[in-house]
Amino acid sequence: MTLIRPSLGDFIADRSELLQRAADVFEWVRSKALEVTVTGRYALSEAAQAHSDLEARRTTGKLLVIPDAAAVGRREETQS
């Protein structure tokens, strides 16, 4: 018996299909047909903390790691 884990290449035939599917997803987000919940924002210097929060299951939704000095201290508190 062989157990394999599929990857993106198992579902996307070529680059043009990848680009089309990505465009579809971005359009769904733009039109609000797909809602993305961002529950935390971390400066790049806080990436280790973001990873720790993920591992400890202190987060829900998506986390953004922002490579911008202006993002320092803008991390939103997540629900415990």
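The chain exposes about 6800 Å², and carbon and sulfur atoms supply 55% of that area. Accessible areas here come from the Shrake-Rupley method with a 1.4 Å probe, and for residues only the protein chains shown count as cover. Keep in mind that this is a predicted model: local features need pLDDT of at least 70, side-chain atom pairs count only at pLDDT 80 or more, and totals for chains, interfaces and linings use all residues. Residues are numbered from 1 along each chain as its sequence is written, and side-chain values use heavy atoms, without hydrogens and water.

Next, burial. Of the 80 residues, 15% count as buried, meaning under 20% relative accessible area; exposed is over 50%, and partly exposed lies in between.

Now the fold. The chain has 2 helices and 2 strands. These are DSSP runs numbered from the N terminus: helices are H or I, at least four residues, and strands are E, at least two. Along the sequence the pattern reads α-β-α-β.

How do strand 1 and strand 2 run? They run parallel, with 5 bridges joining strand 1, residues 38-43, to strand 2, residues 62-66. Pairing takes at least two bridges found by DSSP. Gly40 stands opposite Leu63 in strand 2.

Last, Trp28. Trp28 sits in helix 1, residues 15-30. Its relative accessible area is 44%, so Trp28 is partly exposed.

Key
Buried < 20%, exposed > 50% of the residue type's maximum accessible area, 1.4 Å probe, protein only.
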